[in-house]
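Keep the sequence and the 3D view at hand as you go.

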Amino acid sequence: QVLHAEVRLGGKVISQNSLDLYFYPHARPVSPPTLSFDDPNGALQSLAGQMRRRGYSETSSATLLMTTGLNAQARQVLAHGGHVLLLAASPQTVSPTLHVVARKGNLTGDWISDFPWIRKNQPPFEGIGFTTIQGFEAESITPKTVVRGIPPGDFKDVLAGMFYGWLHQNVGTLVQARYGKGRLLICTLSLATHYGKDPYATALLDHLVHYAASNFTSQLNIAP
């Protein structure tokens, strides 16, 4: 919504301005997919509780596995054609060429040109994305890790990313991929700790979960 204000004198506009106002739905997700959590270190315990309060349910035969690491259980789910949402808040190896790395050195963001970007006309940002370059709305979900090693020809499967130093570094923060028969979404955005508290983080993760559980298509193939 846009709030417009005008100052008139004698019927003539002498000053005007506008302010963009952003609203997110407070309602619970409609027909949410069933979930399971692979959380050996307890990093998703708070998130799981918040999602249950918003209407999500957990089952052993869930539509979507949410995990913090691509371990044996996650790989088994993918091998059998399942769906996995990897909330990668710590460095790890996804494949021999694809790595989640900490934002250190040239990735700290202390460049004059350092921008987080999204594909705002595609899920999961469609309908909740503001502009291509993320701004104040995404402050709370600033990632501590990023995804490196994505082949240039597969960059259309990077749904969100960051670039540094006049494009000499371009990395992913939300990447979709095929993994054998399964579908994998790698997310480094700090959603788990802000879900249920920050409106943008909550709306984005709800959209992301629905997308991760769908039959999305991807060119990027991570061979098991």
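This is a predicted model: local features need pLDDT of at least 70, side-chain atom pairs count only at pLDDT 80 or more; totals for chains, interfaces and linings use all residues.

**Exercise 1.** Which residues form a nonpolar patch on the surface?

Residues are numbered from 1 along each chain as its sequence is written, and side-chain values use heavy atoms, leaving out hydrogens and water.

*Solution.* 
- Step 1: patch members need over 30% relative accessible area and no salt bridge, and nonpolar side chains (Val, Leu, Ile, Met, Phe, Trp, Tyr) are joined within 5 Å.
- Step 2: the patch consists of L3, L19, L21 and F23, with about 410 Å² of accessible area together (Shrake-Rupley method, 1.4 Å probe, only the protein chains shown counting as cover).

**Exercise 2.** Find the salt bridge partner of R54, and decide whether the two residues are buried or exposed.

*Solution.* 
- Step 1: a salt bridge puts a side-chain nitrogen of Lys or Arg within 4 Å of a carboxyl oxygen of Asp or Glu.
- Step 2: R54 pairs with D206, their closest N and O atoms being 2.6 Å apart. This pair links distant parts of the chain, 152 residues apart: R54 lies in the loop between α1 and β4, D206 in helix α3.
- Step 3: buried means under 20% relative accessible area, exposed over 50%, and partly exposed in between (1.4 Å probe, protein chains only). R54 is buried because its relative accessibility is 13%, and D206 is buried because its value is 8%.

Methods
Patches are made of residues with over 30% relative accessible area and no salt bridge: like charges are joined within 9 Å, nonpolar side chains (Val, Leu, Ile, Met, Phe, Trp, Tyr) within 5 Å. Helices (H or I, at least four residues) and strands (E, at least two) are DSSP runs, numbered from the N terminus.
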